[in-house]
Amino acid sequence: MLTKENPLIYSFENMDKYYFFDVNKNKIINVDEDTYQIINDPDAIRSSGHPVIQKLKDQGYLSNNRVEEIKHSNGKMLDELLGYNLKKIILQVTQNCNFRCNYCVYSGSYVNRVHSNKRMDFATAQKGIDFLIEHSKDAKDIDISFYGGEPLLEMNLIIQCMDYAIKAAEGKNVSFSLTTNGSLLNEANVKRLLGYNLRITVSMDGPQEIHDKHRTFASTGCGTFNAVYDNIKRIVEKYPDIKKNLSFSMVMDPTAQFNCLDDFIASEEEFFNESAVIGSFVSNNYRNDRVQFSENFVGEWEYSKFKYLLFVLGKVSKANNSQLIRAAYREHFEYISNSHRNIAPLAKQDHHSGPCVPGQIRLFMSTDAHFYPCERVSETSDIMRIGNIEEGFFFDKIEKLLNVGQLTEESCKECYAFRNCRVCASLSDDGNQLSKEAKQKACRDVRYNFDEMLKDVCTLKECGLKKEMVQKITG
């Protein structure tokens with residue numbers, strides 16, 4: 001029977017070898033079969049005088065140290081972090097859009113937003129920018145992002161905001177960003193935007209047959225690919241320097257052929273450079289139904305992953321692997337890069353690694369000036385409304401969201417993914433309040449993905465991956 005006297009580890013087999021992941025050390029250890037059998041027997045490991053077991057313990061492994069109370073350390077610093085160290089504000093300049101994309105969070109498929117004619121006036125936007133500046137006195141760099149709907153429907157407001165922010169934030173490095181569907185990136189608008197420190201992300205979901213399946217014009221129901229493609233091609237040819245601040249967001253259709261997406265990126269070198277395309281899947285968060293993946297998509301994804309791992313090992317050229325896969329598996333190599341470092345054992349009071357401080361990194365302000373932790377949460381959820389421009393932050397709500405791990409406190413204390421968890425409050429929201437059931441579902445996904453990552457890392461190392469190879473890949 002497992003008890004708190006047992007070591008906090010996760011054991012697994014991979015490629016006929018035996019391993020355990022030590023949570024306190026955040027490291028993977030390869031052991032022989034006899035040692036593996038002992039560490040998986042609670043009675044044996046407590047009483048074993050096996051020299052390998054004793055050596056591991058002497059080196060600090062196999063500790064039964066656990067967190068005693070789930071509580072985020074940043075909870076003590078909210079006044080400072082939110083009062084003096086805000087990094088970014090995302091202004092929802094409009095809830096309107098000239099597209100109707102069937103996977104959009106505004107589409108009606110989600111317990112969340114819907115399209116409307118609500119827009120932000122300059123007075124409200126100005127207050128939001130002032131709020132960021134006033135609450136970022138210890139931050140040298142700040143960013144202001146414009147969000148929709150389609151933000152370029154409010155082109156004049158965006159220009160007003162950027163001009164105002166540059167003057168109001170004198171002494172700070174101010175950058176701007178926006179995500180657009182690309183249909184309004186005509187030459188007149190691009191000329192107005194070129195003089196600003198602005199990063200533009202364009203949504204483009206692959207070749208025409210895939211893109212047009214999901215992204216249509218609101219007015220006609222017709223596909224939007226040609227309008228977006230022609231705009232981007234025109235501005236890249238006329239203003240080649242814009243590529244330095246241009247990236248693409250690709251929502252991958254899990255019913256399509258994954259190879260079609262890769263082939264499209266490879267064939268459009270004038271658009272896509274090494275870091276230009278960020279792939280993502282249709283979000284299941286707040287969704288009314290669950291996204292299903294076709295067998296073809298999964299098979300092609302796994303084969304592309306296999307080719308990428310061969311590339312990492314120097315067995316195939318960069319040209320023969322997927323840019324989308326490279327972005328998806330970056331966290332594997334971040335773990336490998338950091339796993340050699342010695343870290344402190346788990347503290348008696350600690351929290352899993354998922355949550356950031358709500359509002360500090362990506363404060364989202366809606367058209368009606370309510371505050372949310374970021375743009376990914378539901379604006380209809382009361383628990384996610386963490387303040388407003390007139391009253392400031394609601395610290396009681398923020399602390400509750402930060403300490404989302406308290407929903408599943410006992411299982412968090414025993415979880416092998418504790419230091420490598422991705423679960424934040426947005427994944428634990430049932431549409432109105434934090435839900436233990438919703439969090440447990442997210443926890444299962446995290447544990448599954450972390451298990452897969454551990455095995456991938458072991459496979460790469462067994463096949464000859466060296467630390468210097470990882471450093472070359474991660475830059």
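Predicted model: local features only at pLDDT ≥ 70, side-chain atom pairs only at ≥ 80, totals over all residues.

The entries below follow the order in which I looked things up.

**Entry 1. Charged patch.** I looked for like charges gathered on the surface. I found a patch of negative charge made by Glu13, Asp16, Asp32, Glu33 and Asp34. I placed Glu13 in strand E1, which covers residues 9-14. Glu13 has a relative accessibility of 47% and so counts as partly exposed. Asp16, another member of the patch, lies in the loop between E1 and strand E2 (17-22). With a relative accessible area of 76%, Asp16 is exposed.

**Entry 2. Positive phi.** I next checked the backbone of Asp16. Its phi is positive, at about 60 degrees, although Asp16 is not a glycine. I recorded a positive phi of about 60 degrees for Asn26 as well, which is not a glycine either. Asn26 sits in the loop between E2 and strand E3 (27-31).

**Entry 3. Cis peptide.** The bond that joins Gly148 and Gly149 is cis, with omega at about 15 degrees. I located Gly149 in the loop that runs between strand E7 (141-147) and helix H6 (155-168).

**Entry 4. Nonpolar patch.** Phe281, Phe293 and Val298 make a nonpolar surface patch of about 240 Å². Of these residues, I placed Val298 in helix H11, residues 295-312. Val298 counts as partly exposed because its relative accessibility is 39%.

**Entry 5. Cysteines.** How many disulfides does the count give? I recorded zero disulfides. Cys415 is in no disulfide, and the nearest cysteine sulfur, that of Cys421, is 6.6 Å away. A disulfide requires the two sulfur atoms to be within 2.5 Å. Cys415 counts as buried because its relative accessibility is 15%. Cys463 is likewise in no disulfide; the nearest cysteine sulfur belongs to Cys458 and is 11 Å away. At 42% relative accessibility, Cys463 counts as partly exposed.

Conventions
Residues numbered from 1 in each chain as written. Heavy atoms only, no water. Patch = residues over 30% accessible without salt bridge, like charges linked within 9 Å, V, L, I, M, F, W, Y side chains within 5 Å. Areas by Shrake-Rupley, 256 points an atom, 1.4 Å probe, with all protein chains shown as cover. Salt bridge = Lys/Arg side-chain N within 4 Å of Asp/Glu carboxyl O. Lys, Arg positive; Asp, Glu negative; His and termini not counted. Charge placed at Lys NZ, Arg CZ, Asp CG, Glu CD. Helix = DSSP H or I, 4+ residues; strand = E, 2+ residues; numbered from the N terminus. Buried < 20%, exposed > 50% of the residue type's maximum accessible area, 1.4 Å probe, protein only.
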